[in-house]
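Subject: Structure handover

Hello,

I am passing a structure on to you, and it is shown just below. My notes on what was found follow.

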Amino acid sequence: MQKILISSCFLGNKVRYDGQAKSLLHPQLQTWQQQGRLVVICPEVAGDLPVPRPRAEQSGDKVIDEFGNDVTRAFTQGAAKALALCQQQGIRLALLKEYSPSCGANMIYDGTFSGTRIAGMGVTAKLLSEHKIQVFSEQTLEQLINLINLQEKQTS
Ligand code: SF4
């Protein structure tokens with residue numbers, strides 16, 4: 001059974017910078033959870049950042065928080081832990097939260113804290129993808145469902 005690495009905030013865990021969750025309400029997630037398919041991580045918490053924490057955005061190669069502090073190291077540590085978890089458990093698929101400076105799969109904020117989104121990947125999403133782990137987001141969830149269904153059919 002293919003396991004899926006999933007952003008912790010999708011499952012109702014209050015780990016976001018603002019101390020809230022970002023629950024992804026889709027019946028498929030419940031099914032996957034019951035099957036034991038989901039492996040949960042918040043890369044920012046894994047990188048030892050607190051909850052709540054200042055907002056952060058990528059700026060060039062760095063991640064800077066809203067007070068101007070360079071938090072790149074915590075983000076790269078969290079990404080490394082997410083990758084290690086995937087490698088330990090043979091995970092090839094990830095479902096991550098779009099727009100996050102860690103988890104964003106296709107879009108992130110532009111580093112100006114003005115709410116402007118640009119094409120790009122979060123630090124964790126990018127590292128996973130560089131190691132051939134396919135990264136999906138809430139916007140491409142249907143593609144992930146189709147892919148898993150297809151794989152299950154081929155192996156049954
Ligand atoms: Fe959710 Fe990822 Fe942000 Fe953690 S780092 S709160 S899992 S989007």
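How do the residues of the shell around the ligand divide into nonpolar, polar and charged? Six of them are nonpolar, four are polar and four are charged. Please keep in mind throughout that this is a predicted model.

The ligand

The ligand sits in the largest pocket. There are 14 residues around the ligand, and those that come nearest are Cys9, Cys42, Glu44, Lys97 and Cys103.

The loop between H2 and E3

Two backbone features fall in this loop. Helix H2 covers 43–46 and strand E3 covers 56–59, and Pro52 has its place in the loop between them. The peptide bond that joins Val51 and Pro52 is cis, with omega at about -5°.

Asp48 is in the loop between H2 and E3 as well. Asp48 is a residue other than glycine with a positive phi, near 75°. Is Asp48 buried or exposed? Its relative accessibility is 62%, and the cut-off for exposed is over 50%, so Asp48 counts as exposed.

Lys132

A positive phi is also found at Lys132, again a residue other than glycine, where the value is near 65°. Lys132 belongs to the loop between helix H4 (123–130) and strand E8 (134–136). With 66% relative accessibility, Lys132 counts as exposed.

The aromatic pair

How many aromatic pairs does the structure hold? It holds one. The pair is made by Tyr99 and Tyr109, whose ring centres are 6.2 Å apart; their planes stand at 50°, so the pair is tilted. Planes under 30 degrees apart would count as stacked and planes over 60 as edge-to-face.

Tyr99 lies in the loop between strand E5 (93–95) and strand E6 (107–109), while Tyr109 lies in strand E6, so the pair ties together parts that are ten residues apart in sequence. Tyr99 is buried, at 17% relative accessible area. Tyr109 is partly exposed, at 24%.

The charged end of Arg117 sits over the ring of Tyr99, at 3.5 Å from the ring centre.

Helix H3

Helix H3 runs over residues 72–89 and contains Ala80. Gly78 has its place in helix H3 too. Ala80 counts as partly exposed, at 41% relative accessibility. Gly78 is buried, with a relative accessible area of 0%.

How far apart in space are Gly78 and Thr124? Their C-alpha atoms are 7.2 Å apart, although the two residues are 46 residues apart in sequence. For Ala80 and Ile118, which are 38 residues apart along the chain, the separation between C-alpha atoms is 24 Å.

Ser137

Ser137 is found in the loop between E8 and helix H5, the latter being residues 141–155. The relative accessible area of Ser137 is 0%, so Ser137 is buried. From Ser137 to Ala119 the distance is 14 Å, C-alpha to C-alpha, and in sequence these residues are 18 apart.

If you want places to begin, the ligand in the largest pocket, the cis peptide bond between Val51 and Pro52, and the pair of Tyr99 and Tyr109 are ones to look up.

Regards

Methods: Residues are numbered from 1 along each chain as its sequence is written. This is a predicted model: local features need pLDDT of at least 70, side-chain atom pairs count only at pLDDT 80 or more; totals for chains, interfaces and linings use all residues. Side-chain values use heavy atoms; hydrogens and water are left out. A residue is near a molecule or strand if one of its heavy atoms lies within 4 Å of it. On a 1 Å grid over the protein atoms alone, a cavity is a set of points where a 1.4 Å probe fits but cannot get out, and a pocket is an open set with protein on both sides within 12 Å along at least five of seven lines; lining residues have an atom within 4 Å of a point. A molecule sits in a cavity or pocket if more than half of its atoms lie within 2 Å of its grid points. Ala, Val, Leu, Ile, Met, Phe, Trp, Tyr, Cys and Pro count as nonpolar, Asp, Glu, Lys and Arg as charged, and the others, Gly among them, as polar. Helices (H or I, at least four residues) and strands (E, at least two) are DSSP runs, numbered from the N terminus. Buried means under 20% relative accessible area, exposed over 50%, partly exposed in between (1.4 Å probe, protein chains only). Rings of Phe, Tyr and Trp (its six-membered ring) pair if their centres lie within 6.5 Å; planes under 30 degrees apart count as stacked, over 60 as edge-to-face and the rest as tilted. A charge sits over a ring if NZ of Lys or CZ of Arg is within 6 Å of the ring centre and within 35 degrees of the ring normal.
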